[in-house]
Structure formats: C-alpha cells, structure tokens
Amino acid sequence: MSFMQRLKDKFTKNEEQEVSKTYKEGMEKTRQSFAGKINDLIARYRSIDEDFFEELEEVLITADVGVMTVMELIDELKMEVKRQNVKDPTEVRDVISEKLVEMYYDGDTEEVDDINLENDGLSVILVVGVNGVGKTTSIGKLAHQLKQEGKQVMLAAGDTFRAGAIEQLEVWGERTGVEVIKQSEGSDPAAVIFDGIKAAKARKADVLICDTAGRLQNKVNLMNELAKVNRVIEREVPGAPHEVLLVLDATTGQNALSQAKTFSESTNVSGIVLTKLDGTAKGGIVLAIRHELNIPVKFVGLGEQIEDLQKFDASAFVYGLFADIIDEEIDE
Amino acid sequence: MAFEGLADRLQSTIKKITGKGKVSEQDVKEMAREVRLALLEADVNFRVVKDLINRIKERAVGQEVMDSLTPGQQVIKVVKDELTNLMGKEQSKIAVSDRPPTVIMMVGLQGAGKTTTTVKLANHLRKNHNRNPMLVACDVYRPAAINQLETLGKQLNMPVFSMGTETNPVEIAEKAIEKAKEDHNDYVIIDTAGRLHIDNDLMDELDNIKKMASPDEIFLVVDSMTGQDAVNVAESFNEQLDISGVVLTKLDGDTRGGAALSIKAVTDKPIKFAGMGEKLDEFEPFHPDRMASRILGMGDVLTLIEKAQTDVNEKQAKELEEKMRTMSFTFDDFLDQMDQVKNMGPLDELMAMIPGANKMKGLKNAQIDEHQIGQIEAIIKSMTKHERQNPNVMNASRKKRIAKGSGTNVSQVNRLLKQFNEMKKMMKQMTNMQKGKKGKGFNLPFM
C-alpha cells in the first residue's frame, strides 16, 4: 500500500523521526489497545462474517470513536469487502486501515494544521473548555512552546471563578518566565482580558493567551459570558482572536461532540487541544470530531511535563495509531 | 446531532407494532438494536451493553402487553427496570468510625473534580449530619491545588490542613489525623492528587496513604462525561484500593452519563453522591432511578403521566384539548396553562420528562428560565381583555403600551407574540398527529 509506505518513510527516514518517536511513545497505550486489538481480532477469525464485524465495531466503539462514525464505517467496510470480494481476514486489515485513514483526512491529505499567528503585531489566543479538561495546564505548556520559538508571550488570567485558578496560572507564568495579567478572584473576566490586551499592546508582546473559567456547555449564562469575552477581543484587536482553542479531555466520551458543537456557537472555535491522551486507551474521539464537525486538532497533551504538549501532526497521529499495523504490512 | 434519546429512536420501530397484543421476538430484536445504540451513545461500556441487551431480550419476548401501556412503553419499561436494577438502590450513607476521626479518602483522575467534591462533601457532612470535618491538602503536584482547597475551606470557615508541596503526602495525611484528634474534628477528608490509573508510582502512593490512614471510606471521583474508558479507570482504582463508593461529578451538564452504569456494573460499588453544579451546596445523594431515565435519554414517562393526572384538573384538560382542536387558544388559556404547569414543579425538570420534547420544532433548544416566565406573565397581564382573546389586533401602539405596562420592551412583546403563534402551530401539528389514531385523549407524540 503506497500511502502507508509513504507514511512510514516519512517517519523513519528523515529528520522528523524525533516527532514520530514522541508520538509513538506518548501513544503507546492508545496504540497497544487499538492496533493491537485489531490485529488480535484479525488473527482470531478465519472468515469474515457478522460476528467479525460486530467485534470490529466493539473495538472501534471502545476507543470512543463516535457511534455514528462507527456505524458509517462498518457499513462502508461491509460494502468494500463485498466489492473487492475479500475472504481472508488478513486482507481486510488493509481495507480497515485504508478506510480509517481516509475517514480521518476526509479529502485534505497530510496537512499539518499549524497555529495561526500574526507575523508582526499582537496575536490573541482564547482558550475555552468545560471544567477540569486541563485548560490552564495546556496554556502553561503552550506559553513555554511559543517562548522557545522566540515569541514574547503574555498570559491573561480570565478564570476568575474557580478558587486557586489565578494562582495556578501564576505558577505556570513563573515556570515559563512569562508575565501574567490578573485581577482578583470574582472580577469580570472580560475586564481582565481587556487589561491583558492593553498590557500586551503596551509591552509589544507577540502573543497573548487568555485563560477562561471552565464551563459546562449547557449553561447559557456562562456561554454568554464567553461570547462577551470574545467580543471584547474582537473589538480591541482587529482580526483577533487569531485562535480559539477548545480544550477537550481525551477520556471524555460522546459528550465531546456536544462540547465542540456548543462552544463553536458562542465563539469561533478554530482548533482543538486534546489533553490526557497519554493515559487513555482512546483518542478515537479525534476521528469523530474531525469527521462529524470538521474542526482540526492542533495540539495534543501527551504527558505531565512542560514539553509534553505536541503540535498535532495528523500524519504522525495516524502513524502513531497504526504503527504496528503499518510496520507489519510493510515487513510482509 | 447524534444525541436523540431512546424514546425518539424507538418511535419508528414502535409505530409498526402498535396495536399488537403481544411483543414478538422480531419486535424485540428491532427494538433491542435501538436500545443498544442509545446506550452506546450514552457512553455505557460496550460489554455492559451486551449483557444488558441479552437480559432485556429474554425478559421482553412473549410478554403480554399490559392494558395501560402500549407495546413501546412496555419495552421501555423492561429496559428501565433492568437499568434501575443494575443501578441499585439509593445509598448515600457515610461510614462512621467507632474511634473518631472517621477518615475519608478522595481519589480519581486529573480534572474529575476531587478538590471541589472534597469541600462539597465536608459541607454536606456539616450541614446535614452536624459533623465537624477537617480537610487535608495532599495534592502536592498540581500548581495551586492546595491554594484552591484553602480558599474553598475559608469560604465555608472550615479547617484545612496543609504542609506545602515539599512534604510526602503520606506524612501529610498522618500529621493531619493527629491534628484532627487534638482539635476534635470527627471527620478527616483527604484530597489527593489526580493521577492516571496506569501510573504505577502514583497508584502506589495512594496505597501507602491508605495503609497509613486506614480510611473508613475511599471515594472514587468520576467525571460523568467519561467515555468508554470509565470501566478501566474504575476497575484499576477498585482493584488497587478497594474503593467503598463513587461520586459522580458535573452531572449538571448535558451528558447522558452512561459511565455511571459502567462503573456500577464492573465494580459493584454504590454511586453515593452526585455533583450538580459549581456552588458548594450543589451536591446531592445519587438517585439511581433518575439516572436510568437519563441514560436512556427519555423522560420519566410514567412519572409525567402520574403528575399530569394529579395536577391538571381533568375538566380543564378536556377544555384545553377542545381549544387546541378548534384553534381557539388564547392568551388567557396560555396564562392558565402556565399556572397549572408551575404547580407541577420546576419547568426544566418537567420538560425533561416529556419524551421527544427535544425533537419538537420550537421546543428544541428552548431555554427555560423561570425569570422569563415571570416576564411573560407580566406581558400577558398588561394586555386588555380584548387583546388576550384576539392577539391579531396587536399593533405598534398597543405593543408599546404593553411593553411599558409590563416593564419590558417592544421586542420582548414581539418575541412573545411570535412564540405564541408558533405554539399554536405546534398544537395544530400535534392535533393532526392524533387524527387517524383512535382519538383517545391527549397523547404524547411518542406513544
């Protein structure tokens, strides 16, 4: 399969080997249970029948690939198997990985969804999400990364609700050597963001990252508050926010889709940060979100260290997910 | 979106079998598929779903359809009974040690809501059980976690024991228990750091805290939005620590919360409490029966029927039905309706009980705000009698007067008029749906 060969070449032969290694290691758990399960399934069956498809469905669903996406995939697979007259389960493996990769790319191939920043002048990044997904931590890691790239970064402590949130951001500010603009707990988040923008302009910062309080997407008032913050940013900096990053917890199930949908209604979500991907057998939700909502994943959190936020590289992710399958295929 | 409830899913299947006296195997098979999809979409674990479906199939086939229920309701009842069975009974008791202090340990993944839950639980103990708890900050890893606990403790005026981030959590817990004895705190609640269930070092740390503190309760705090992995998380924590119960958080969100079912099924430990909001008193005993309805994404049909029967006076209901049919529904009736509905309980709860309500045009995304209801009342009451009976006479100057009288503005009056018209349209749809069926009273669209 030439596509797989290309993926493999890309990640084993050139300078991107480093990236691929991080993904391979960070996603060890994900891969083991995903690719491993598919391989195991294929090894156990001698012919392709209903039971085979049902078990395949199980593997996909337990990886939190959306139910609708799975049903669609299985139907397509059934058709493809019939069309190509595949009888041997080992042959079906090619079809499976082909279909999954196809589904992920959905047309645009091998594009790295880079973060959108202004070349000169201030760029504003707004970070949103439900409670406990890791917004503040992701901001800390992102600030570190941008600073490594030589950008002057500032943070705005827009989570004025949760106790300790401002202090948490300040700790990250100290760790990364980045200034944090804040007000006291309980103040109006839009005002904090406004201050942040003023300060960032005055200090000629390159990037301002705005933290916000976690909110469940069905709380209308809180979503309105977020829309207000967004409006303030739009008004103060032309073309801003340059990125609205929705932080999703990889262990979240089908509700992630509802989160992505609702947050997109009050802000213009431009990308997703998928956190805690290291600890879960999942990541399948990436497929569902990409497939059903067409929002690109821009970063993934693969660990607790400050460097553990990786730019999301679709090819690397797919490679990470299917590394075992791909390797085997090419060895054969 | 994919988030329709079971009731909606079953609608088409049920149509086919309405009128049959017995539920056949084929019917059950078709419905079982829908039930299965609904459960999977609710994040119930795949294996749990499989077992459940098999049991439901066994029970449902060949059952006589009860007089009071349609075949569709019958199957739903079986499903709900099974789910309720699996969820178990309400159990919100908390252990009391013979030799105080009683020690409670809170464990879970990052971001599940342990710290908030710790404080909520302490508040619950003090308020409802008249206890005097002490909070212990053992999360030495996440930046400002100790600070968060201290701030929340201060808000409630509750003692928080902390030793900074440089001390080993086991030692912190040990010192805290000593301190609690001195200060006569009868409960000690230990907030631990979030950790992945696959992180062996950190899991060992929990084990060490457990050995030292020998807690009377270990609560696993789980985010109700957790997906298929909930099973693995619960299994690992339970194997390693033998947890005594579960607290489900963020249940005020719109997740179906299938994780609850999975956790109960694999650990057989009770879910004792639920976090229902960001405020510190939004913490309730967990109601397994309500959860069963929620996972199915169906309102509690039976409860709604009961409620409607007791609260809506039958004569009034008949009149209303007549009005709906003849389309002579006026603002006066609207006001009556609102009063009656208000008597039945909080509105969004009520809405949640109407199966299929989320699918109806106009009701979809309807945000129910009790404050708004007050405004609507004011607007209607500012109308003249004539206007209430004949909304069509409304013109700009009338609207202006009404807005002034009700302390609202013209656009709000307009919105209400528009909603009223939409409601009329909807009623027409509903009455049309009924036509063709043996006209028997007011039916909910899904039955």
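In this predicted model, helix 4 of chain A, which spans residues 50-62, packs against helix 5 of chain A, residues 67-84, at an angle of about 145°, and the axes of the two helices lie 10 Å apart. The crossing that helix 4 and helix 5 of chain A make is right-handed. On the side of helix 4 of chain A, the contact is formed by A:Phe53, A:Leu56, A:Glu57, A:Leu60 and A:Ile61, while helix 5 of chain A contributes A:Val67, A:Val70, A:Leu73, A:Ile74 and A:Lys78. Sorted by class, this contact between helix 4 and helix 5 of chain A comprises eight nonpolar and two charged residues, with no polar ones.

From this helix pair we turn to the nonpolar cores. The largest nonpolar core has 169 residues, and the members that touch the most others are A:Leu155, A:Leu208, A:Ile209, B:Val136 and B:Ile190. Helix 2 of chain B, residues 25-41, gives the most to this core, with seven residues. Once neighbours within four places in sequence are left aside, B:Val136 is in contact with B:Phe161, B:Ile172, B:Ala173, B:Ala176, B:Val188, B:Ile189, B:Ile190 and B:Asp191. Another core lies apart from the largest one and consists of nine residues, including B:Phe331, B:Ile376, B:Ile379 and B:Ile402.

The two chains also meet directly, with 35 residues of chain B in contact with 36 residues of chain A. On the side of chain B that touches chain A, helix 2 and helix 6 (145-156) of chain B each supply at least two residues, and helix 6 of chain B gives the most, with five residues. By class, the residues on this side of chain B divide into 15 nonpolar, 13 polar and seven charged.

Note on methods:
Residues numbered from 1 in each chain as written. Chains lettered and ligands numbered in written order. Predicted model: local features only at pLDDT ≥ 70, side-chain atom pairs only at ≥ 80, totals over all residues. Axes fitted to C-alpha atoms, helices over the stretch in contact; angles between N-to-C directions. Helix = DSSP H or I, 4+ residues; strand = E, 2+ residues; numbered from the N terminus. Left-handed = near helix turned anticlockwise from the far one by under 90°. Contact = placed C-beta atoms within 7 Å. Nonpolar A, V, L, I, M, F, W, Y, C, P; charged D, E, K, R; others polar. Core = buried A, V, L, I, M, F, W, Y, C linked by C-beta atoms within 7 Å. Buried ≥ 20, exposed ≤ 12 C-beta atoms within 10 Å, placed from the backbone.
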